[in-house]
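Dear colleague,

Please read them alongside the coordinates.

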Amino acid sequence: CILKWEKHMNERDKEYEKRLRERERRRQQRRKEVLKQRILLGTVGGLLAVILVTAAVSGAKKDSKAAKEQQKKAEAVQKAEEKAKKAEEAKKAQDAVFTISAAGDCTLGTDENFDYETGFTGKYDAVQDPSYFFKEVKSIFEADDLTIVNMEGTLTEEETRADKLYAFKASPEYAKILTEGDVETVNLANNHTYDYGEKSYTDTIAALDAEGIISFGNDRTAIIEIQGIKVGLLGTYELRDHMGCEQEMKDNIANLKEQGAQLIIATFHWGEERENIPNETQVALAHSAIDNGADLVLGHHPHVLQGIEEYKGKNIVYSLGNFCFGGNSGPADMDTMIFQQTFTFVDGELQEDNVKNIIPCKISSAYTEGYNNYQPLPVEGEVKEAIFTRIQEYSQAVGTELDVTGMGMKEDTSSKDE
């Protein structure tokens with residue numbers, strides 16, 4: 001019995017221990033499951049957090065992108081408005097009326113072999129005032145929108161003179177004569193450009209630049225903007241190559257067109273001295289210039305007046321004569337003129353109204369005394385009428401009946417200062 005009881009007790013203890021082990025196993029299993037759930041919940045929470053953060057960032061990016069797109073749209077609208085405004089301003093600018101004045105040969109200096117006392121340099125030193133020379137015509141040049149002259153000579157300190165009959169030079173400070181006279185542009189394509197060598201030419205350009213005067217000629221063209229209109233300028237020297245210079249002239253006109261010039265003025269240094277009728281080369285080159293796009297042709301070199309031809313609705317002034325001319329202290333012919341043309345643009349298109357004005361002048365305000373004091377003077381009365389008559393006769397010789405009715409007075413045009 002005792003053995004049976006011990007056996008029973010052993011079996012019960014074993015059963016009990018087995019239950020304890022099973023209970024412990026289950027408890028450990030529950031702990032593992034709880035831990036696993038916690039880990040899972042943490043992972044899910046982390047993922048949710050990541051998702052939420054990502055969503056927030058994505059939303060912010062979308063908001064930022066939307067804001068940028070809105071900003072771009074606003075900028076595009078602003079640019080469109082600015083472009084429209086500029087276009088409107090440009091359109092307004094394309095409606096323009098302006099006057100251009102042109103005068104002939106200006107030699108601001110002298111030849112070293114000329115008499116000092118009666119020469120240009122002597123007069124400059126005597127008056128000590130650069131405004132003296134254009135004093136009588138300044139009001140005319142002030143009232144226009146652009147003044148063009150032929151600058152015949154050099155402004156340099158060079159001493160090596162070219163081997164020629166006449167060579168003109170003056171100090172670079174003489175450029176102030178032009179600014180004091182309200183002259184803005186000068187042609188340098190002529191037979192006195194290099195009177196003291198290559199450097200005298202570059203010195204002249206530098207002296208003019210220093211005074212704000214625009215120079216052009218030969219391979220150098222210029223564009224000036226007047227009331228929103230681009231005006232192109234070119235100068236051609238004919239005396240050396242004659243018709244051989246035509247291609248350079250054509251190329252210069254084409255170049256100005258490419259640069260956007262809406263009005264082109266072609267100047268020529270051509271013809272024969274003291275001849276009042278242009279030669280065949282002058283006529284051929286003038287017609288070619290207009291055929292290729294020039295709107296006005298201006299000529300000089302003969303030192304006397306020649307006629308004005310109207311060709312295809314454009315004006316050709318074959319010779320403007322001398323003007324402020326230091327090349328002769330007492331020329332036999334002192335008649336000259338200021339030629340003016342008023343151009344009108346409507347919506348950027350040049351109108352074919354051909355409004356011109358001629359102001360008869362003498363090259364010297366002392367002309368009645370028979371000498372040149374280098375001070376051009378507008379004239380009145382019989383003297384003015386006599387000059388008009390000469391210009392009309394010379395114009396008839398080139399096939400144009402020139403009506404000078406109402407000419408000779410300074411017109412009320414827009415000022416350069418406006």
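How do the residues of the lining of the largest pocket divide into nonpolar, polar and charged? They divide into eight nonpolar, six polar and five charged, where Ala, Val, Leu, Ile, Met, Phe, Trp, Tyr, Cys and Pro count as nonpolar, Asp, Glu, Lys and Arg as charged, and the others, Gly among them, as polar.

This is a predicted model, in which local features need pLDDT of at least 70 and side-chain atom pairs count only at pLDDT 80 or more, while totals for chains, interfaces and linings use all residues. Residues are numbered from 1 along each chain as its sequence is written, and side-chain values use heavy atoms, with hydrogens and water left out.

Of the 19 residues that line the largest pocket, Glu273, Arg274, His303, Phe325 and Asn328 lie nearest its centre. A pocket here is an open set of points on a 1 Å grid over the protein atoms alone, where a 1.4 Å probe fits, with protein on both sides within 12 Å along at least five of seven lines, and lining residues have an atom within 4 Å of a point.

The second largest pocket has 16 lining residues, with Asp295, Lys314, Leu350, Gln351 and Glu352 nearest its centre; by class, this lining has three nonpolar, seven polar and six charged residues.

As for the cysteines, a search of the whole structure finds zero disulfides, a disulfide being a pair of cysteine sulfur atoms within 2.5 Å. Cysteine 324 is in none, and the nearest cysteine sulfur, that of cysteine 106, is 5.5 Å away.

With best regards
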